[in-house]
Amino acid sequence: MKLANILSILLATVLGIISMQWIFSPEAAAQSLSMIYMEGDARNTQVRDFTAFFLGTSIMSILSFLTKQYQWIFSAGIIFLIAAIFNVLTSINYQTDIAIASLISEIIFTCMAFTSAYIYKTNNL
C-alpha cells in the first residue's frame, strides 16, 4: 500500500502544480502546452476547463490517498486515458499533429493512477 500512497501523492502534487499554474498564470500554462492564450469567452472556457481538469484529478488523487478507496484515483486515470485516446483520434480525424509531450504525460498519469488503484483495491505492496 506504500507504493499506492506514493503514487497518489505524487500524482496529486504534479496535477495540483499544473492546476495552480492555470489559476495564477494561465498565459504561461497555455504556452507550456503550446496553446494560444485565447480571448473573451474562449479564454474563460480555456482557463475554466483546464483548471477543472487538473484540479479535479488532483483532488481525486488526494481523496484516494486519504480514504484508501481505489475508485477515486481510478476515475482520474480514466480521465487521462480518455485524453490520451482523443489526443491520437484528433490527429487522425482532424489532420493535426499528435501532441507527443501531452500524450506521454497522459500515458504516465494513467499508468500511475491505474497502478495505485489496483494496489488500493487488492491491498498489495
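This chain has 5 helices and 0 strands. Keep in mind that the model is predicted. Read from the N terminus, the elements go α-α-α-α-α.

Now the overall dimensions. Along the principal axes, the C-alpha atoms fill a box of roughly 45 × 35 × 20 Å. Of the 125 residues, 32% count as buried. Next, contacts. Take those in the chain with a separation of 6 or more: 61% of them join residues 24 or more positions apart.

Let's go inside. The largest nonpolar core has 17 residues. Which of them touch the most other members? They are Leu11, Leu15, Ile73 and Phe109. Helix 1 (2–24), helix 2 (26–32), helix 4 (70–93) and helix 5 (100–122) each bring at least two residues to this core. Helix 5 gives the most, with 6 residues.

Stay with Ile73 for a moment. Leave out residues up to four places away in sequence. Ile73 then touches Ser8, Leu11, Met60, Ser61, Ser64, Ala113, Ser116, Ala117 and Tyr120. Leu11 is on that list, and Leu11 is also one of the core residues that touch the most other members.

Next, the empty space. How do we find it? Rolling a probe the size of a water molecule over the atoms shows where empty space is left. The largest pocket has a volume of about 680 Å³. It is lined by 25 residues, and those closest to its centre are Leu33, Phe50, Ala99, Ser102 and Glu106. Helix 1, helix 2, helix 3, helix 4 and helix 5 each give two or more residues to the lining. Which helix has the largest share of the lining? Helix 5 does, with 6 residues. By type, the lining divides into 15 nonpolar, 8 polar and 2 charged residues.

Here is a residue to look up: Asn87. Asn87 sits in helix 4. Is Asn87 buried or exposed? Its relative accessible area is 11%, and the limit for buried is under 20%, so Asn87 is buried. Again, skip residues up to four places away in sequence. Asn87 touches Ile98, Ala99, Ser102, Leu103 and Glu106.

Now the loops. Start with Ser34, in the loop between helix 2 and helix 3 (40–67). Ser34 is not a glycine, yet its phi is positive, about 60 degrees. Ser34 has a relative accessible area of 72%, so it counts as exposed.

Move on to the loop between helix 3 and helix 4, where we find Lys68. Lys68 is also a residue other than glycine with a positive phi, near 60 degrees. How accessible is Lys68? Its relative accessibility is 32%, so Lys68 counts as partly exposed.

Gln69 is in the loop between helix 3 and helix 4 too. At 40% relative accessibility, Gln69 is partly exposed. How far apart are the C-alpha atoms of Gln69 and Leu55? They are separated by 19 Å, and the two residues lie 14 apart along the chain.

Conventions. Residues numbered from 1 in each chain as written. Predicted model: local features only at pLDDT ≥ 70, side-chain atom pairs only at ≥ 80, totals over all residues. Heavy atoms only, no water. Core = buried A, V, L, I, M, F, W, Y, C linked by side-chain atoms within 4.5 Å. Buried < 20%, exposed > 50% of the residue type's maximum accessible area, 1.4 Å probe, protein only. Helix = DSSP H or I, 4+ residues; strand = E, 2+ residues; numbered from the N terminus. Contact = heavy atoms within 4.5 Å. 1 Å grid on protein atoms, 1.4 Å probe; cavity = no way out; pocket = protein on both sides within 12 Å on 5 of 7 lines; lining within 4 Å. Points joined across faces, edges and corners; volume = space filled by probe spheres on them. Nonpolar A, V, L, I, M, F, W, Y, C, P; charged D, E, K, R; others polar.
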